[in-house]
Amino acid sequence: MKLLEDRIRKDGIIREGNVLKVDSFINHQMDIALFREMAREWKRLFAGKPINKVLTIEASGIGIAAVVASELNVPVVFAKKSMSINLDYDNYETQIQSFTHKKIYNVIVSKKFLTPEDHLLIVDDFLANGCALMGLLELAAEAGATVEGIGIGIEKGFQAGGELVRSKGVQLESLAIIESMDSTTGEIVFRPQPHQ
Ligand code: G4P
Ligand code: NA
Ligand code: NA
């Protein structure tokens, strides 16, 4: 999506270690007009899919997911991260590993809010190693819900997550895919996406 790629080029900051800071429009301050355009793009890309709910994970996926839900006129549920094992049978629960934070989280969703009747669009801001996304797919599977698609804002195409998810046969639409970025020159190369 050209709008998002242009914004990343303009306001993204490349840090050492292949980290892209997007604090001024996604991860701290949020540009809701941009989120709305992203939501409209996903609406177009997933047109015809019987989506009745958006699923994301706290914290930074919530803002974008809320705008997507508003655009699709459906509710949004966010999975919660907790450090403690929760022996609560009213929740679906799985574990995810954060490479960045070197931690294992428990991720939960109440059984009240994910059911076999649900047709989900999973939304998140970033896709890197894909651990968070695999966790959400696991929770959806536990609930017997159908995953109609996955919408990601920024995919780091040089990390394993995108390939992992695409190999599962789920429709994954990343609005910007970074092939490479260079913290010294500031150069960012995006993967061309003909249909977007
Ligand atoms: P992943 O396997 O779930 O794809 O993510 P990974 O553990 O590699 O990264 C951990 C967290 O850092 C994730 O957020 C992910 O979205 C975020 N992240 C990864 N690479 C970048 C990057 O280059 N820039 C930015 N801004 N974020 C990145 P999270 O653990 O879900 O935390 P939260 O911020 O949503 O609470
Ligand atoms: Na994040
Ligand atoms: Na996130």
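What percentage of the 196 residues in the chain is buried? Buried residues make up 37% of the 196, a residue being buried if 20 or more other C-beta atoms, placed from the backbone, lie within 10 Å of its own.

The model is predicted: local features need pLDDT of at least 70 and side-chain atom pairs pLDDT 80 or more, while totals for chains, interfaces and linings use all residues. Residues are numbered from 1 along each chain as its sequence is written, and chains are lettered from A and ligands numbered from 1 in the order in which they are written.

The chain's radius of gyration, 16 Å, agrees with the value near 16 Å for a compact globule of 196 residues; this radius is taken over C-alpha atoms, and the globule rule is 2.2 Å times the number of residues to the power 0.38.

The chain has six helices and ten strands, which are DSSP runs (H or I, at least four residues; E, at least two) numbered from the N terminus. Eight strands form an open sheet of mixed pairing, in the order S5-S6-S4-S3-S7-S8-S9-S10; strands pair if DSSP finds at least two bridges between them. S5 and S10 are the edge strands, each pairing on one side only. S5 pairs with S6 in the antiparallel sense over eight bridges.

Angles run from 0 to 180 degrees between N-to-C directions, with axes fitted to C-alpha atoms, for helices over the stretch in contact.

| Helix | Strands | Angle to S9 |
|---|---|---|
| H1 (residues 2–11) | S8, S9, S10 | about 35° |
| H3 (residues 32–45) | S8, S9 | about 120° |

Technical notes: A residue is buried if 20 or more other C-beta atoms lie within 10 Å of its own, exposed if 12 or fewer, and partly exposed in between; C-beta atoms are placed from the backbone. Two residues are in contact if their C-beta atoms, placed from the backbone, lie within 7 Å.
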